[in-house]
Amino acid sequence: MRIDHDIVIAGGGVAGATAAALLAQSGHRVALIDRQRPKDLDPSSDFDPRVVAIAPGSAAALDAAGAWERLPAERLGPYDRMQVHADGGEIVFRASEHGLAQLGWIVEVPWLQACAWQALAGVDGVELIAPAGVKDFSQREDHVRIERDDGKTLRARLLVAADGARSRLRQMAGIETEMWHYNQQALVCHVATERPNDGIAWQRFTEHGPLALLPLADGRSSIVWSQPERRVAELTALDEAAFLAELNCCLDSPFGEATSATRRYGFPLIRRQAKRLVSGRLVLLGDAARNVHPLAGQGLNLGLMDAAALAEVLADWTGDDDPARILRHYDRWRMSGGSLVAGGIHAINEFTRAGPGRALAGVGFSVAGRLWPLREAFVEHACGLDRDSPKLARSAR
Ligand SMILES: Cc1cc2nc3c(=O)[nH]c(=O)nc-3n(C[C@H](O)[C@H](O)[C@H](O)COP(=O)(O)OP(=O)(O)OC[C@H]3O[C@@H](n4cnc5c(N)ncnc54)[C@H](O)[C@@H]3O)c2cc1C
């Protein structure tokens with residue numbers, strides 16, 4: 001029987017493309033399939049609304065994948081301070097107090113994806129298949145048969161589903177998913193402020209929901225403001241001046257008032273958690289495994305930790321060995337890491353929806369800010385540097 005690849009990855013978003021690079025480095029023959037090839041990007045274009053906070057551990061994974069060095073410096077917004085406020089209290093983290101140069105970087109998703117694909121082009125053992133989707137698959141004793149929507153068929157030892165939050169492969173495998181509709185959307189746009197944001201990731205729990213200002217490389221901030229769906233619809237329909245007035249009512253930031261805003265977009269917020277990450281020779285990774293509320297900026301970071309963890313557990317696997325034991329390890333490892341983060345984020349979001357919850361959170365932040373071991377543990381975890389993180393991520397320290 002002809003086996004085309006050791007590993008086929010369905011979904012070439014940032015998580016899938018990074019996994020492809022890291023797995024190929026261990027000598028695995030990898031195919032990455034996506035319905036769309038990333039577009040060529042213009043460094044002089046305005047910033048895309050889809051930006052993410054990338055932690056140092058995730059940057060190390062992107063670096064090992066060859067993607068990080070390709071990002072133009074003028075698209076990278078580093079931050080060395082993080083300030084979180086709730087009614088009557090705040091907590092401030094500084095990178096230098098934790099032996100770090102940065103706590104993270106704000107980067108556009110399309111740039112990350114394009115750089116990850118560029119890094120894969122021409123790599124030995126990697127085949128990039130796009131545009132083409134995975135239509136169906138069936139598991140055999142020692143391989144997976146994959147049907148593409150262009151009528152072609154592939155055989156691989158493993159199939160990785162990195163096909164995003166509404167993963168069709170996850171559904172086809174019959175993996176159940178816990179879902180939680182927040183009835184909220186994240187309102188996203190970029191704003192200029194009276195003073196430039198020179199490297200602070202700032203967040204405030206407002207009466208309408210968490211509001212974050214994240215530094216872009218040009219001194220503006222990207223805002224992510226999670227609010228009830230109806231209010232997001234109202235705010236996106238306002239003209240710029242009326243929107244700025246609403247925003248400035250809730251903004252008490254170190255950068256002063258917002259003075260201009262780009263077009264606003266609303267992203268529906270749903271928490272999903274697959275009940276298992278492995279089914280036979282199918283492995284879930286990235287948003288296909290779980291997706292979380294954006295308030296802690298962890299979604300893609302979790303996906304990149306999945307990619308690094310999968311590469312780590314499969315480093316010595318030869319395609320001929322039965323992968324069951326190795327994949328059980330991946331399942332347990334990433335289920336526990338992902339669930340802890342997702343559960344914590346969910347609890348904070350729910351708790352701070354009401355005024356008394358926000359007031360208590362404020363007190364909690366002030367107290368926690370004085371407990372050094374707690375702060376250190378939080379920073380290590382959020383930055384992907386704790387003992388549970390893949391070795392590759394921990395090398396960032
Ligand atoms: C408002 C907002 C703010 C956020 N902020 C942060 C943040 O600060 N930090 C952070 O870490 N995360 C953040 N996130 C989460 C982050 O954006 C996602 O976790 C991440 O982009 C998911 O990447 P992925 O590669 O897993 O999936 P996706 O980016 O969804 O990629 C899936 C890919 O699969 C392809 N595909 C789908 N079906 C098929 C098929 N059948 N065959 C082949 N290909 C297929 C698609 O074309 C796509 O390219 C945020 C999310 C939102 C909404």
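A: Helix 3 covers residues 109-120; helices (H or I, at least four residues) and strands (E, at least two) are DSSP runs, numbered from the N terminus. At 1.5 Å a residue, its 12 residues should span 16 Å, and the end C-alpha atoms are 17 Å apart, which agrees. The expected span is 1.5 Å times one less than the number of residues. This is a predicted model, in which local features need pLDDT of at least 70 and side-chain atom pairs count only at pLDDT 80 or more, while totals for chains, interfaces and linings use all residues. Residues are numbered from 1 along each chain as its sequence is written, and side-chain values use heavy atoms, with hydrogens and water left out.

Because 10 of the 12 residues of helix 3 are buried, the helix is largely enclosed by the rest of the structure. Buried stands for under 20% relative accessible area, exposed for over 50%, and partly exposed for the range in between (1.4 Å probe, protein chains only). Among the buried residues are Trp-111, Cys-115 and Trp-117, together with Leu-112 and Leu-120. After the helix comes Gly-122, with a positive phi near 80°.

Helix 3 lies across strand 3 and strand 7, at about 85° to strand 7. Axes here are lines fitted to C-alpha atoms, for helices over the stretch in contact (heavy atoms within 4.5 Å), and angles run from 0 to 180 degrees between N-to-C directions. These two strands belong to an open sheet of three strands, in the order 3-7-4 with antiparallel pairing. Strand 3 is joined to strand 7 (residues 104-108) by four bridges; two strands pair if DSSP finds at least two bridges between them. Val-52 has Val-107 in strand 7 as its bridge partner.

Leu-304 sits in helix 7 (residues 299-313) and is buried, with a relative accessible area of 0%. Apart from neighbours within four places in sequence, Leu-304 is in contact with Ile-54, Ser-58, Ala-61 and Leu-62, and also with Val-14, Ala-15 and Thr-18. The C-alpha atoms of Leu-304 and Ala-55 are 10.0 Å apart, although 249 residues separate the two along the chain. Val-14, Ala-15 and Thr-18 are among the buried residues of helix 1. Helix 1 (residues 14-24) is mostly covered, with 11 of its 11 residues buried.

The ligand comes next. An N or O atom in the side chain of Asp-34 is 2.6 Å from a ligand oxygen atom. For Leu-300, a backbone N or O atom lies 2.8 Å from an oxygen atom of the ligand. A nitrogen atom of the ligand is 3.3 Å from an N or O atom in the side chain of Arg-35.

One further site is Ser-221, in strand 15 (residues 221-228). Ser-221 counts as buried, at 0% relative accessibility. Not counting residues up to four places away in sequence, Ser-221 touches several residues, including Cys-189, His-190, Asn-197 and Phe-255.

Key: Polar contact = N/O pair within 3.5 Å; in protein donor to acceptor, adjacent residues only side chain to side chain.
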